Amino acid sequence: MAEEINPFKQLAETHEAPPALKERVMISVELSQLLIEITDLFTDKMGKTAIDLFRTDAEGTDSDTDNPT
Amino acid sequence: MSLEETRLLSDHEIVQRIIAEKSNALFGVLYDRYANKVFAKCMSFAHDAQQAEDLAHDIFLKVYLKLGEFRFEAKFSTWLYSITYHECVEFTRKNKRKISQQEGYLAEQLTEEIEGSSDAELLELKIEQLEKLLKKISAEDQALLLMKYQDGLSVQEIMAHTQLGESAIKMRLKRAKDRLVAMSRELITVVAVLLSYQSLF
């Protein structure tokens with residue numbers, strides 16, 4: 001019995017993504033990742049860094065942040 | 001692990017590694033697997049290749065940004081196509097793909113006249129004809145037809161992608177299918193009439 005031809009599936013096979021599209025997508029992905037990391041730096045890490053600057057010895061400090069009381 | 005070895009990993013394994021390692025190169029592997037299928041779906045909804053490219057770009061970017069929300073319970077391809085269809089339908093709504101009043105009225109008339117089309121008649125359509133006719137129905141109906149006949153999804157699987165219930169999906173599928181077949185029959189009739197006039201001169 002001959003395999004039935006499905007034009008819907010054939011339609012999916014008639015169009016190939018242009019090569020330039022991958023480059024566009026990967027650039028956008030890289031930029032997005034960079035923006036996320038910058039945002040993370042300012043919202044999360046900066047807050048923690050500020051808190052560490054004012055932390056006293058009694059609360060415990062990192063060896064790198066020397067905060068004498 | 002080399003890129004070649006990475007290509008042997010499953011979709012789930014790749015997504016896990018992207019999240020854990022923040023590796024954008026691995027996202028490129030996922031892109032390579034699905035780019036043609038996503039682009040082909042975008043071509044069904046967009047006016048031209050440039051619009052389809054823009055739409056496909058937005059879809060993949062959205063997929064990347066939402067990777068952390070992927071639950072690993074379903075197949076990655078199912079999740080990806082769900083986002084794809086949603087974006088395509090939204091894109092069509094925003095760009096207001098208009099079905100002319102005349103075409104809409106004609107489709108309704110023709111649907112009422114026919115008793116019901118079979119899947120066989122739908123699947124006999126030629127690709128070029130199908131591509132044109134799909135753009136004459138609503139984006140939501142187009143998405144339903146593609147999910148059923150292109151992706152081979154069951155009604156239950158289609159329910160997972162849409163907000164529709166089982167009976168609503170079945171009814172919309174039937175009407176969309178009947179409309180496509182009715183329009184193709186009308187097209188054949190018009191072509192036959194034109195050819196017969198041509199032969200007179």
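Modeller: The model is a predicted one. Let us begin with A:Arg24, which, neighbours within four places in sequence left aside, is in contact with B:Gln50, B:Glu53, B:Asp54 and B:His57. A:Arg24 itself is placed in helix H2 (residues 19–54) of chain A.

Colleague: What makes B:Gln50 count as a contact of A:Arg24?

Modeller: The criterion is heavy atoms within 4.5 Å. B:Gln50 is listed as in contact with A:Arg24 on that basis.

Colleague: Why is A:Arg24 called partly exposed?

Modeller: Its relative accessibility is 29%. Buried requires under 20% and exposed requires over 50%, so a value in between is called partly exposed. A:Arg24 therefore counts as partly exposed.

Colleague: Why does B:Gln129 count as buried?

Modeller: B:Gln129 has a relative accessibility of 18%, and the limit for buried is under 20%. B:Gln129 therefore counts as buried. This residue lies in helix H8 (residues 127–134) of chain B. Apart from neighbours within four places in sequence, B:Gln129 is in contact with B:Ser184, B:Leu187 and B:Ile188.

Colleague: How many helices and strands does chain B have?

Modeller: Chain B has 11 helices and 0 strands. Of its 201 residues, 45% count as buried. Among its contacts between residues at least 6 apart in sequence, 68% join residues at least 24 apart.

Colleague: Why are H2(B) and H3(B) called roughly antiparallel?

Modeller: The axes of helix H2 (residues 11–21) of chain B and helix H3 (residues 24–45) of chain B cross at roughly 150° and come within 9 Å. Angles over 145 degrees count as roughly antiparallel, so H2(B) is roughly antiparallel to H3(B). The crossing of H2(B) past H3(B) is left-handed.

Colleague: Which residues of H2(B) and H3(B) meet, and of what classes are they?

Modeller: From H2(B), B:Asp11, B:Ile14, B:Val15, B:Arg17, B:Ile18 and B:Glu21 meet B:Leu26, B:Phe27, B:Val29, B:Leu30, B:Arg33 and B:Tyr34 of H3(B). By class, this contact has 8 nonpolar, no polar and 4 charged residues.

Colleague: What makes H5(B) roughly antiparallel to H9(B)?

Modeller: For helix H5 (residues 76–94) of chain B and helix H9 (residues 139–150) of chain B, the axes come within 9 Å and cross at roughly 155°. The limit for roughly antiparallel is over 145 degrees, so the term applies to H5(B) and H9(B). H5(B) passes H9(B) in a right-handed crossing. Residues of H5(B) in the contact include B:Tyr85 and B:Val89, and those of H9(B) include B:Ala143 and B:Leu146. The contact has 6 nonpolar, 2 polar and 2 charged residues.

Colleague: How do you know that B:Cys42 is in no disulfide?

Modeller: A search of the whole structure finds 0 disulfides over all chains. For B:Cys42, the nearest cysteine sulfur is that of B:Cys88, 4.1 Å away. A disulfide needs the two sulfur atoms within 2.5 Å, so 4.1 Å is too far for a bond.

Colleague: Are B:Cys42 and B:Cys88 buried or exposed?

Modeller: B:Cys42 has a relative accessibility of 0%, and B:Cys88 has a relative accessible area of 0%. Buried means under 20%. B:Cys42 therefore counts as buried, and B:Cys88 is buried as well.

How values were computed. Residues are numbered from 1 along each chain as its sequence is written. Chains are lettered from A and ligands numbered from 1 in the order in which they are written. This is a predicted model: local features need pLDDT of at least 70, side-chain atom pairs count only at pLDDT 80 or more; totals for chains, interfaces and linings use all residues. Side-chain values use heavy atoms; hydrogens and water are left out. Axes are lines fitted to C-alpha atoms, for helices over the stretch in contact, and angles run from 0 to 180 degrees between N-to-C directions. Helices (H or I, at least four residues) and strands (E, at least two) are DSSP runs, numbered from the N terminus. Angles under 35 degrees count as roughly parallel, over 145 as roughly antiparallel, 65 to 115 as roughly perpendicular and the rest as oblique. A crossing is left-handed if the near helix is turned anticlockwise from the far one by less than a right angle, and right-handed if clockwise. Ala, Val, Leu, Ile, Met, Phe, Trp, Tyr, Cys and Pro count as nonpolar, Asp, Glu, Lys and Arg as charged, and the others, Gly among them, as polar. Buried means under 20% relative accessible area, exposed over 50%, partly exposed in between (1.4 Å probe, protein chains only).
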